[in-house]
Amino acid sequence: MFSALCRRLLPLALGAGFVFSAPAFSAMGETANTQARHIATVFPGRMTGSPAEMLSADYVRQQFAQMGYQSDIRSFHARYIYSNTDKRKNWQNVTGSTVIAAHEGAARQQIIVMAHLDTYAPMSDADVERNLGGLTLQGIDDNAVGVGVLLELAERLKNVSTHYGIRFIASSGEEEGNLGAQNILKRMSDAEKKNTLLVINLDNLVVGDKLYFNSGRSTPASIRKLTRDRALAIARSKGICRLYQSWPQS
């Protein structure tokens, strides 16, 4: 079931932002399935700043490097609030990891494809008591599958000439409030922001009654319509009848 879902999701992710003739590969979704299972089982408890998170980031970097991409890990420092039983709130400092791989295109504009690699970290004593998150959480749906799909996309596009550049990003700190994504945005120059046409974020892809396709509030209407219509068309062709287009998200 899980492998079948990956096979159906890959064309949707591939088609939302790219047009190309794909070379021969193994079955669609097979790499995503294998990578997701490996990340979830070998690196459980990928809480931001934990040894498992750092090891999984290095694993993803190695996978990009083996594909021939220039890839590196960027560390970032951030903090989030932890709530105690007595209602005291304390700042927790963390050092997260972001993995970036670059695929150059003919034009200066770029498309970012990203997925967070961290798992949920308890943010209160109540979370600990309810056994939410922690060192044993595998996070297969949230979000090893997203990283698996990201890696298969990179594999399938590595030798494909594209008009736009592509940045593959595996971030962390998502569970504490999109800390990694905020750091990426902070590091981008005004020119990089202007030349970023689209961000495709892969998250929670296999659990739930619907597959949601959310557009950002600042996404240009023409890009929103193009990606939405293409995603819906691919979903219908692949039998994903429960794709749901929600209102724009911030």
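Tutor: Gladly; let us take the labels one at a time. Please keep in mind that this is a predicted model.

Student: What makes up the protein, in terms of helices and strands?

Tutor: The protein has eight helices and seven strands. Of its 250 residues, 47% are buried.

Student: Why is Thr119 called buried?

Tutor: Buried means under 20% relative accessible area. Thr119 has a value of 0%, so the label buried applies. You can find Thr119 in the loop between strand S3 (110–116) and helix H4 (125–129).

Student: How do you know that Thr119 touches Gly45?

Tutor: A contact needs heavy atoms within 4.5 Å. Leaving out residues up to four places away in sequence, Thr119 touches Gly45, Arg46, Met47, Leu137, Gln138, Gly139, Asp142 and Glu175.

Student: What makes the pairing of Thr119 with the backbone nitrogen of Arg46 a polar contact?

Tutor: The cut-off is 3.5 Å between N or O atoms, and one must be able to donate a hydrogen and the other to accept it. A polar atom of the Thr119 side chain lies 2.8 Å from the backbone nitrogen of Arg46, which is within that cut-off. For the backbone nitrogen of Met47, the distance to a polar atom of the Thr119 side chain is 3.5 Å.

Student: How do you know that the length of helix H2 is close to the expected one?

Tutor: H2 covers residues 30–42, which is 13 residues. From first C-alpha to last, H2 reaches 18 Å, and the span expected at 1.5 Å a residue is 18 Å too. The buried residues of H2 are Ala32, Asn33, Gln35, Ala36, Ile39 and Ala40.

Student: What makes a group of residues a nonpolar core?

Tutor: Its members are buried residues of kinds such as Val, Phe and Tyr, joined through side-chain atoms within 4.5 Å. The largest core here has 38 residues, and Val60, Phe64, Tyr69, Val113, Phe168 and Leu202 touch the most other members. Helix H5 (140–157) is one of the elements that supply at least two residues of this core. H5 gives the largest share, nine residues. Domain 1 (30–204) and domain 2 (208–249) each provide at least three.

Student: Which residues does Tyr69 touch?

Tutor: Among them are Phe64, Ala101, His103, Leu157 and Phe168, not counting residues up to four places away in sequence.

Conventions
Residues are numbered from 1 along each chain as its sequence is written. This is a predicted model: local features need pLDDT of at least 70, side-chain atom pairs count only at pLDDT 80 or more; totals for chains, interfaces and linings use all residues. Side-chain values use heavy atoms; hydrogens and water are left out. Helices (H or I, at least four residues) and strands (E, at least two) are DSSP runs, numbered from the N terminus. The expected span of a helix is 1.5 Å times one less than its number of residues. Buried means under 20% relative accessible area, exposed over 50%, partly exposed in between (1.4 Å probe, protein chains only). Domain bounds come from an automatic or database domain assignment.
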